Amino acid sequence: MHLIGTPCAERLFRGARGMSAPTGAFTMETAPDGRRRMRSPPAAGTSGGGHVAERPTIGIFGAGKVGTALARLLVDAGYEVALAGSPRQTALELLVSVVAPGARVADAAHLADESDVIVVAVPFGKAPTVPWNAFDGKVVVDATNYWPPVDGHIPDVDADERTTSEIHAALNPAARVVKSLNHLGYHDMEDDPMPSGSPLRRAIAVVGDDADARAAVARIIDDLGFDPVDGGALGNGRALEPGHPAFGRELSARELASLLEAERAVAA
Ligand SMILES: NC(=O)c1ccc[n+]([C@@H]2O[C@H](COP(=O)([O-])OP(=O)(O)OC[C@H]3O[C@@H](n4cnc5c(N)ncnc54)[C@H](OP(=O)(O)O)[C@@H]3O)[C@@H](O)[C@H]2O)c1
């Protein structure tokens with residue numbers, strides 16, 4: 001999959017100093033034990049399912065373009081990362097040692113047990129083949145996209161009014177599903193990271209029904225070099241899907257938060 005580039009003009013609108021934080025901005029706070037934690041804005045209003053380790057172990061299902069790019073970036077950012085590939089994939093150890101050195105290969109049956117945060121980075125139609133029943137209580141980042149030019153038309157999905165991540169979340173209601181990392185290309189993940197506070201830093205949205213899970217994913221996104229934007233509930237994820245306003249666009253946190261708010265207003 002190749003996501004469309006964005007007009008440079010959008011970059012020019014970025015991060016003007018002195019502007020207030022966008023509505024969907026996460027904030028960092030220092031806990032009594034001195035540790036720093038990402039917090040969702042109070043307006044998000046959903047209850048959290050519990051604290052996630054400050055530096056979670058990350059398990060990625062899918063060792064393709066997105067899975068390996070993410071693994072590489074996460075290892076660089078200091079995370080412990082394991083990948084489980086497709087049953088058809090051979091020489092995965094060799095592939096991972098070359099394209100994501102420092103990440104390890106795990107057995108799909110055990111990856112969830114070994115991970116605090118799981119990323120599903122498999123083709124949309126293959127998402128039901130990951131072991132959702134092992135995801136109870138886990139933060140699960142759904143990075144998949146239903147994109148008929150690539151995935152073909154799936155009549156049940158076409159007829160379903162839920163967002164694609166709500167469809168996946170229903171595979172295990174005890175999983176703390178967050179939709180994120182899906183609306184930019186894997187090459188953008190590699191090319192566009194910038195330090196926090198950079199005026200041209202690009203934003204990535206985080207939607208999900210569990211506020212603690214959203215905050216945990218936001219922290220990871222910040223560590224990857226992007227501004228996380230809190231989009232609230234999982235049902236708000238439509239704006240991030242292919243063919244919708246945030247998909248493939250290069251946006252600042254302010255622009256992405258405004259866009260998500262506008263989409264919510266239209267949907268209400
Ligand atoms: N490419 C992008 O820029 C981009 C950006 C954001 C999000 N996404 C989304 O992320 C997902 C992955 O995209 P991609 O471009 O990385 O695809 P990809 O290069 O085809 O890689 C996906 C990999 O997942 C494997 N897989 C299938 N079922 C699996 C399972 N149960 N467990 C572990 N691995 C499994 C596939 O193997 P088989 O070939 O054997 O099925 C393939 O090796 C898609 O839903 C896509 O829409 C893509």
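**Notebook: a sheet, its helices and a few loop residues**

I began with P128, which lies in the loop between strand 6 and strand 7; helices (H or I, at least four residues) and strands (E, at least two) are DSSP runs, numbered from the N terminus. P128 counts as exposed, because 10 Å around its C-beta takes in 11 C-beta neighbours; the cut-offs I used are 20 or more other C-beta atoms within 10 Å for buried, 12 or fewer for exposed, and partly exposed in between, with C-beta atoms placed from the backbone. I also looked up its distance to H168, and the two C-alpha atoms are 7.5 Å apart in space, although P128 and H168 are 40 residues apart in sequence.

**Ground rules**

I noted that residues are numbered from 1 along each chain as its sequence is written. This is a predicted model, in which local features need pLDDT of at least 70 and side-chain atom pairs count only at pLDDT 80 or more, while totals for chains, interfaces and linings use all residues. The pLDDT is the predictor's confidence in each residue, from 0 to 100. The chain averages a pLDDT of 88, and 87% of the residues score at least 70. Over residues 1-22, however, the pLDDT is below 50, and in the model this stretch has 30 contacts beyond near neighbours in sequence; I count two residues as in contact if their C-beta atoms, placed from the backbone, lie within 7 Å.

**Whole chain**

I found ten helices and ten strands in the chain, and 44% of its 268 residues count as buried. Taking contacts between residues at least 6 apart in sequence, I read that 69% join residues at least 24 apart.

**The sheet**

In what order do the strands of the open sheet stand? I read the order of its eight strands as 5-4-3-6-7-8-9-10, with mixed pairing; two strands pair if DSSP finds at least two bridges between them. Strand 5 and strand 10 (227-230) stand at the edges with a single partner strand each, so one side of each is left without a neighbour in the sheet.

I then followed strand 4 (residues 81-84), which pairs with strand 3 (residues 58-61) in the parallel sense over four bridges, with I58 opposite V81. Strand 4 also pairs with strand 5 (residues 104-105) in the parallel sense, over two bridges, and there R104 is the bridge partner of A82. The chain passes from strand 4 through helix 3 (residues 92-99) to strand 5 in a right-handed β-α-β crossover, meaning that, with the strands pointing away from the viewer, the path from the first strand over the helix to the second runs clockwise.

Just after helix 2, G78 takes a positive phi of about 100°.

Helix 9 (residues 211-224) lies across strand 6, strand 7 (139-142), strand 8, strand 9 and strand 10, and runs at about 165° to strand 9; axes are lines fitted to C-alpha atoms, for helices over the stretch in contact, and angles run from 0 to 180 degrees between N-to-C directions.

**Single residues**

A91, in the loop between strand 4 and helix 3, has a positive phi near 55° and counts as exposed, with 10 C-beta neighbours inside 10 Å. L181, in the loop between strand 8 and helix 8 (186-191), has a positive phi near 65° but counts as buried, with 27 C-beta neighbours inside 10 Å.
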